[in-house]
Amino acid sequence: MSYFRQSCSPYDVQSAQGGRFTFATVKERYENTIPIRGKRKADNIRPIKRRDRSCERIVKVSDTEYYITFDGYKWRTHHNKAITWSLNNGMEFMTIHTPRKTWDTQDPTQLYPRYLSSASVFWFYDFNMPNGFNMVNYYVNKYVKYNDKHYTLEQGDIIFQRKEGATEWQPLVLHRQFKHHIDKEKTKQLRQDIKPFLEYYDTMSGIVETKNSWGNPIHRAIIGEDNWRTVLPDEVMTLFKPTDGNIPDAWLTMVEKYKHEITYRTYHEQATTEHRGELEKKMTKDLFKLVKPCKAIEVPLGQVCIDRYKSWYR
């Protein structure tokens with residue numbers, strides 16, 4: 001005997017679960033939902049719909065404010081507010097929150113838009129916003145779309161408002177986007193700055209062993225092997241401009257790491273070959289990621305954009 005198990009995609013789950021809420025409907029859903037019973041009765045957990053998905057719930061802050069969350073787990077110290085609806089002086093406000101980092105951090109306000117890359121979270125937002133609002137994934141950029149305008153949700157919360165009883169929402173708080181382009185004058189100078197190291201590499205590569213390590217070799221040479229932190233562009237450039245002609249110890253570390261990266265084993269690993277011609281290409285790529293030699297150009301509000309160097313600024 002064989003069995004067929006039907007599974008649902010995140011889209012299917014959230015389309016059946018979502019409420020397309022406004023303040024009035026989220027309040028009504030909250031009041032008409034019986035809290036989870038049993039051991040968690042005292043927590044007043046009111047799921048949006050499915051009771052086996054109680055992490056997706058409605059929370060009442062006051063008579064004039066409610067929000068929904070997608071990660072309302074008991075073991076979390078903080079959980080993400082996804083969308084908040086509130087009333088104030090005859091105006092209805094909707095705040096669409098950028099997800100926060102809720103683990104391994106001392107700052108619960110730290111933005112973590114990568115949560116939106118989860119299909120379940122993405123469609124949770126999409127199907128719980130009011131009619132007319134949608135989530136858009138444009139080349140991994142996450143937007144809220146309303147009236148054919150796209151507003152980024154990766155740089156902070158965005159807020160819409162309307163008068164009670166009105167149908168159209170007006171944007172109140174939005175964030176600008178910037179598209180980055182390589183500054184050729186800056187990259188030209190950076191290529192000149194690494195030439196002394198390349199000469200040093202040619203001198204030392206024949207007498208040092210290769211050394212494997214993860215991460216950007218320039219970054220690791222600055223911070224060492226035992227910790228991880230962000231380095232500033234000035235720190236990087238200081239590394240390539242030694243004072244009084246003294247070669248930094250970090251240069252030897254970089255020689256070891258880059259020699260490993262450009263050394264390849266031949267057929268059946270019988271021998272190794274060092275591809276010196278690849279060194280400058282690899283180094284400049286690593287260097288540009290740290291120094292970020294870019295110009296930032298503002299994108300018109302409401303438009304989507306593709307930023308090739310977005311990952312450098314995370």
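Q: Where is Gln177 found?
A: Gln177 is in strand 11, residues 177–182. Strands here are DSSP runs of E with at least two residues, helices are runs of H or I with at least four, and both are numbered from the N terminus. Before we go on: this is a predicted model, where local features need pLDDT of at least 70, side-chain atom pairs count only at pLDDT 80 or more, and totals for chains, interfaces and linings use all residues. Residues are numbered from 1 along each chain as its sequence is written, and side-chain values use heavy atoms, with hydrogens and water left out.

Q: Good to know. Is Gln177 buried or exposed?
A: Gln177 counts as buried, because its relative accessibility is 11%. The cut-offs are under 20% relative accessible area for buried, over 50% for exposed and partly exposed in between, with a 1.4 Å probe and protein chains only.

Q: And what does its side chain pair up with? Which side chain is joined to that of Gln177 by a polar contact?
A: That of Tyr143, at 2.9 Å. A polar contact is a pair of N or O atoms within 3.5 Å; within protein, one must be able to donate a hydrogen and the other to accept it, and residues adjacent in sequence count only if both atoms are side-chain atoms.

Q: Which residues does Gln177 touch?
A: Leaving out residues up to four places away in sequence, Gln177 touches Asn141, Tyr143, Thr152, Gln155, Ile297, Glu298, Val299, Gln303 and Cys305. Contact means heavy atoms within 4.5 Å.

Q: Thr102 next. Where does Thr102 lie, and is it buried or exposed?
A: Thr102 lies in the loop between strand 5 and helix 3. With 13% relative accessibility, Thr102 counts as buried. The side chains of Thr102 and Tyr115 are joined by a polar contact of 3.4 Å.

Q: Switching to Pro47: where is its place?
A: Pro47 sits in strand 1, residues 46–47. Pro47 is buried, since its relative accessible area is 1%.

Q: What does Pro47 touch?
A: Thr33, Ile36, Arg53, Ser54, Glu56 and Arg57, again not counting residues up to four places away in sequence. Pro47 and Ile58 are 11 residues apart in sequence, and their C-alpha atoms are 6.2 Å apart in space.

Q: How about Asp63: where does it lie?
A: Asp63 is in the loop between strand 2 (57–62) and strand 3 (65–69). Asp63 is exposed, because its relative accessible area is 54%. A polar contact of 2.9 Å joins its side chain to that of Lys60. Asp63 is also 8.9 Å from Leu87, C-alpha to C-alpha, with the two 24 residues apart in sequence.

Q: OK, helices. At what angle do helix 1 and helix 3 pack?
A: Helix 1 (residues 10–17) and helix 3 (residues 119–128) pack at about 30 degrees, with axes 9 Å apart. Axes are lines fitted to C-alpha atoms, for helices over the stretch in contact, and angles run from 0 to 180 degrees between N-to-C directions. So the two helices, helix 1 and helix 3, are roughly parallel; angles under 35 degrees count as roughly parallel, over 145 as roughly antiparallel, 65 to 115 as roughly perpendicular and the rest as oblique.

Q: Which residues make that contact?
A: Pro10, Tyr11, Gln14 and Ser15 of helix 1, plus Ala119, Ser120, Trp123, Phe124 and Phe127 of helix 3.

Q: And how do helix 5 and helix 9 cross?
A: The axes of helix 5 (residues 195–204) and helix 9 come within 12 Å and cross at roughly 135 degrees. That makes helix 5 oblique to helix 9. Phe197, Leu198 and Tyr201 of helix 5 meet Leu279, Glu280 and Met283 of helix 9 in the contact.
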